[in-house]
Amino acid sequence: MPHFLKDTSMRWLPRLVLVLVLCCLVPCQADDPSGRDALTIELRALAADCAKIIAKNEGGSVAIGEFSGSTDIKGSAGPRVQLTLAAELEALGIEIDSEDYRFEIKGDYQPLEDPKSKLQGVKLIARLIQRSTGEVLAEKPTGRFVFGAETVPTMLGLNLQPKLDADARQLSDQMKRALKSPEVHLQDTRLANAAASNYAIEMLVRNGDEYVARQISPDKKGRPFVELHSQEIYGVRLINDSEHKAAVDLRVDGVSSFAFSDTDSEFWIIAPHSHVDIIGWHKTNENSTEFKVVEDFADSAAARLHLKPSASIGLITAAFRAAWEKDATPPDDEPKLLAELGGRVKSATGFGKDVGFRTKQVSLVIGEPRDIISVRYNR
């Protein structure tokens, strides 16, 4: 497996075969491309509800508006909801058009304890509006309740280490504690969820030809915050101190770091006891486009995807999972059933310059979420 090592001058130097084999930066796609996370499952049902109502009203194209979080939450759900809902509607044959449309779908989300199960999750409310009248259609879709070990923390911007053997009740209790009293471990410039955690991140800011780690500190609510200034170019160091490979879903302002890639990748693969520096949006296997802080939403990544401004702008989230080759033995603590089934099935930030960033695709089995690390850069 060819590997590459990046130096501080942004040139790629294939120095030694041993180094190339040990220091690879590899994006990865989940084995089963039809795999769905908890949010996708709920949005698929929501899209089906909307499609039926649109058909009863003589059809037409749809614009996807903003999905905003409640005032006490700054999560990454907005852009993710917009992109996923648009994809599910298109799969049902509905045209998405932000200019010439007959209907608009917009909504809200908030942390909520489900009254029946008493489990902590996210309540998602959507409104289907007829453009000609400005009215919400009478048969409006009902709210959807989202629950998931990775989905809820990333939607709400939580820092969480889901217990791999936890049941739904225990996981819900963890989320409630993370919402009420955030607990993280900050050491120098390193952010982790606990002192003994195998996973961590650092925020890097370009200084000349180098990327320098910047201090992360708690905000007034105890949530990790890093000061990033307008026009600064930055990166995210993903750290894996475990004995196995790690698969990391890195999202910026709710948008996947692979959103602009010409590949179908979903995860960055980090070798055991190593780290990699992600310095931009994956573009091709030869280049990435720098992460750049912009003041104007029109210049942001979310805007390039034709999304509306969202309260999630200003949040970076890295979700870590174990990864292993299909025929290899999974980590001992990976949930047995998941391992037997073959693993998981599946200001703002804008753009700087294109930079050399060599990657390749691999096929690995992806395990359960082990760490969700969030850091805010917009107060």
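**Figure 1. Overview of the predicted model.** The protein exposes about 16900 Å², and carbon and sulfur atoms supply 49% of that area. Of its 379 residues, 54% count as buried. The protein contains seven helices and 22 strands.

**Figure 2. The crossing of helices H2 and H3.** Helix H2 spans residues 38-56, and helix H3 spans residues 77-91. Their axes come within 9 Å and cross at roughly 55°. The crossing of H2 past H3 is right-handed.

**Figure 3. Residues in the contact between H2 and H3.** From H2, the contact is made by Leu-39, Thr-40, Leu-43, Arg-44, Leu-46, Ala-47 and Cys-50. From H3, Arg-80, Val-81, Thr-84, Leu-85, Glu-88 and Leu-89 take part. By class, this contact has eight nonpolar, two polar and three charged residues.

**Figure 4. Glu-58 in the loop between H2 and strand S2.** Strand S2 covers residues 62-69. The phi angle of Glu-58 is near 70°, a positive value in a residue other than glycine. Glu-58 counts as exposed because its relative accessibility is 74%, and the cut-off for exposed is over 50%.

**Figure 5. Gln-231 in the loop between strands S12 and S13.** Although Gln-231 is not a glycine, its phi is positive, at about 75°. With a relative accessibility of 45%, Gln-231 counts as partly exposed.

Methods
Residues are numbered from 1 along each chain as its sequence is written. This is a predicted model: local features need pLDDT of at least 70, side-chain atom pairs count only at pLDDT 80 or more; totals for chains, interfaces and linings use all residues. Side-chain values use heavy atoms; hydrogens and water are left out. Helices (H or I, at least four residues) and strands (E, at least two) are DSSP runs, numbered from the N terminus. Buried means under 20% relative accessible area, exposed over 50%, partly exposed in between (1.4 Å probe, protein chains only). Accessible areas come from the Shrake-Rupley method with a 1.4 Å probe; for residues, only the protein chains shown count as cover. Axes are lines fitted to C-alpha atoms, for helices over the stretch in contact, and angles run from 0 to 180 degrees between N-to-C directions. A crossing is left-handed if the near helix is turned anticlockwise from the far one by less than a right angle, and right-handed if clockwise. Contact means heavy atoms within 4.5 Å. Ala, Val, Leu, Ile, Met, Phe, Trp, Tyr, Cys and Pro count as nonpolar, Asp, Glu, Lys and Arg as charged, and the others, Gly among them, as polar.
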